[in-house]
Amino acid sequence: MIGRNALILLGFLLSSTANADPVKIAVAANFAKVAEALADNFEADGHGRIAIVIGSTGALYLQITQGAPFEAFLAADRERPERLEVEGLTIPGSRFTYALGHLALYTRRGAMPDADTLASAHFQRLAIANPTTAPYGAAAIEAISALGLMDHLSTKLVRGKSVAQAFQFAWSGSAEYALVSEAQAQDSAEGNFWPLPRNLYQPIAQDAVLTINASPKAAEFLNFMKSPAAQALIARAGYSIAPH
């Protein structure tokens with residue numbers, strides 16, 4: 001038989017182990033670096049550890065519907081978090097828009113791109129994210145269509161699994177250009193970029209939501225994202241801030 005003191009010690013150890021487990025946050029690829037910086041600040045303030053899992057919004061959404069143990073979801077759109085709400089997989093009332101993303105035409109080795117670059121015949125490949133699973137890919141297709149360039153660019157498009165992979169194609173030279181998030185282009189140590197006119201595509205509202213797996217620490221992290229310090233970090237990274 002286990003004595004009372006042993007039971008207390010066992011309970012303490014189990015509680016300590018549980019508290020030590022990192023909060024698992026699913027994060028859209030375009031927001032990865034910012035999420036990691038936010039997690040570092042959160043941890044530095046003594047709030048506990050955050051584990052960032054990166055992927056395309058569509059792929060992460062699918063994993064959550066299949067039971068992946070994420071406690072929060074930082075999507076690159078509004079649609080998938082709303083779907084999770086309808087499916088009963090989120091904490092009611094927890095969803096909010098944490099950032100408004102923007103598209104940019106990025107090149108690592110080319111000259112500064114401009115409005116005429118996409119219409120030119122002087123490049124072979126334009127990388128975009130998969131428009132089916134990645135909101136920035138869908139926005140890229142919308143912008144290309146609005147410019148009347150779909151026929152011109154259809155044979156030049158190279159699709160990455162996520163906007164991070166689309167950026168990597170341009171970085172590695174597999175594609176001369178990529179339509180990526182302005183935040184990614186701004187953060188790049190090399191290259192040039194042109195912010196696309198924002199009337200070419202619908203605003204990329206990026207929503208966060210707590211899943212039904214959420215712990216109090218996950219809720220703390222999403223509240224931390226609304227703080228002035230966190231909002232300033234998000235804005236510096238190249239996003240617009242939505243009113244809460």
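Analyst: Start with a definition. A pocket is an open set of grid points with protein on both sides within 12 Å along at least five of seven lines, and its lining residues have an atom within 4 Å of a point. Helices here are DSSP runs of at least four residues, numbered from the N terminus. Keep in mind that this is a predicted model.

User: Which helix gives the largest share of the lining of the largest pocket?

Analyst: Helix α7 does, with five residues.

User: What is the volume of the largest pocket, and which residues are closest to its centre?

Analyst: The volume is about 380 Å³. The lining has 19 residues, and those closest to the centre are Lys33, Ala183, Gln184, Asp187 and Ser188. Sorted by class, the lining holds 10 nonpolar, six polar and three charged residues.

User: What is the volume of the second largest pocket?

Analyst: About 270 Å³. Here 17 residues form the lining, and Asp77, Pro135, Gln202, Pro203 and Ile204 are the closest to the centre. At least two lining residues come from each of α4 (79-86), α5 (135-146) and β10 (204-210). Helix α5 gives the largest share, four residues. The classes are nine nonpolar, three polar and five charged.

User: How does one look for empty space in the first place?

Analyst: Rolling a probe the size of a water molecule over the atoms shows where empty space is left. For a cavity, the probe fits but cannot get out.

User: How many cavities of 30 Å³ or more does the search find?

Analyst: The search of the whole structure finds one. The largest cavity has a volume of about 50 Å³. Among the residues lining this cavity are Ala28, Ala29, Asn30, Gly55, Ser56 and Thr57. Ala134, Pro135, Tyr136, Ser162 and Val163 also belong to the lining. Look at the classes too: seven lining residues are nonpolar, five are polar and none is charged.

User: Now the helices. At what angle do α2 and α10 pack?

Analyst: The general idea is to compare the directions of two helix axes. Helix α2 (residues 32-44) and helix α10 (residues 228-236) pack at about 155°, and their axes are 10 Å apart. Angles over 145 degrees count as roughly antiparallel, so α2 is roughly antiparallel to α10. The crossing is right-handed.

User: Which residues make that contact?

Analyst: On the α2 side, they are Val34, Ala37, Leu38 and Asn41. On the α10 side, they are Ala230, Leu233 and Ile234. Six residues of this contact are nonpolar, one is polar and none is charged.

User: At roughly what angle does α2 cross α9?

Analyst: At roughly 115°. The axes of α2 and helix α9 (residues 216-224) come within 11 Å. Because of that angle, α2 is roughly perpendicular to α9. Their crossing is right-handed. Leu38, Ala39, Asn41 and Phe42 of α2 meet Lys217, Glu220, Phe221 and Phe224 of α9. By class, this contact has five nonpolar, one polar and two charged residues.

User: Are α3 and α4 roughly parallel or antiparallel?

Analyst: Angles under 35 degrees count as roughly parallel. Helix α3 (residues 57-65) packs against α4 at an angle of about 15°, with the axes 10 Å apart. Therefore α3 and α4 are roughly parallel to each other. The crossing of this pair is right-handed. From α3, the contact uses Thr57, Gly58, Tyr61, Ile64 and Thr65, while α4 brings Arg80, Arg83 and Leu84.

User: What classes of residue are in the contact of α3 with α4?

Analyst: Three are nonpolar, three are polar and two are charged. Thr57 of α3 is part of this contact, and Thr57 also lines the largest cavity.

Technical notes. Residues are numbered from 1 along each chain as its sequence is written. This is a predicted model: local features need pLDDT of at least 70, side-chain atom pairs count only at pLDDT 80 or more; totals for chains, interfaces and linings use all residues. Side-chain values use heavy atoms; hydrogens and water are left out. On a 1 Å grid over the protein atoms alone, a cavity is a set of points where a 1.4 Å probe fits but cannot get out, and a pocket is an open set with protein on both sides within 12 Å along at least five of seven lines; lining residues have an atom within 4 Å of a point. Grid points are joined across faces, edges and corners, and a volume is the space filled by probe spheres set on the points. Ala, Val, Leu, Ile, Met, Phe, Trp, Tyr, Cys and Pro count as nonpolar, Asp, Glu, Lys and Arg as charged, and the others, Gly among them, as polar. Axes are lines fitted to C-alpha atoms, for helices over the stretch in contact, and angles run from 0 to 180 degrees between N-to-C directions. Angles under 35 degrees count as roughly parallel, over 145 as roughly antiparallel, 65 to 115 as roughly perpendicular and the rest as oblique. A crossing is left-handed if the near helix is turned anticlockwise from the far one by less than a right angle, and right-handed if clockwise. Contact means heavy atoms within 4.5 Å.
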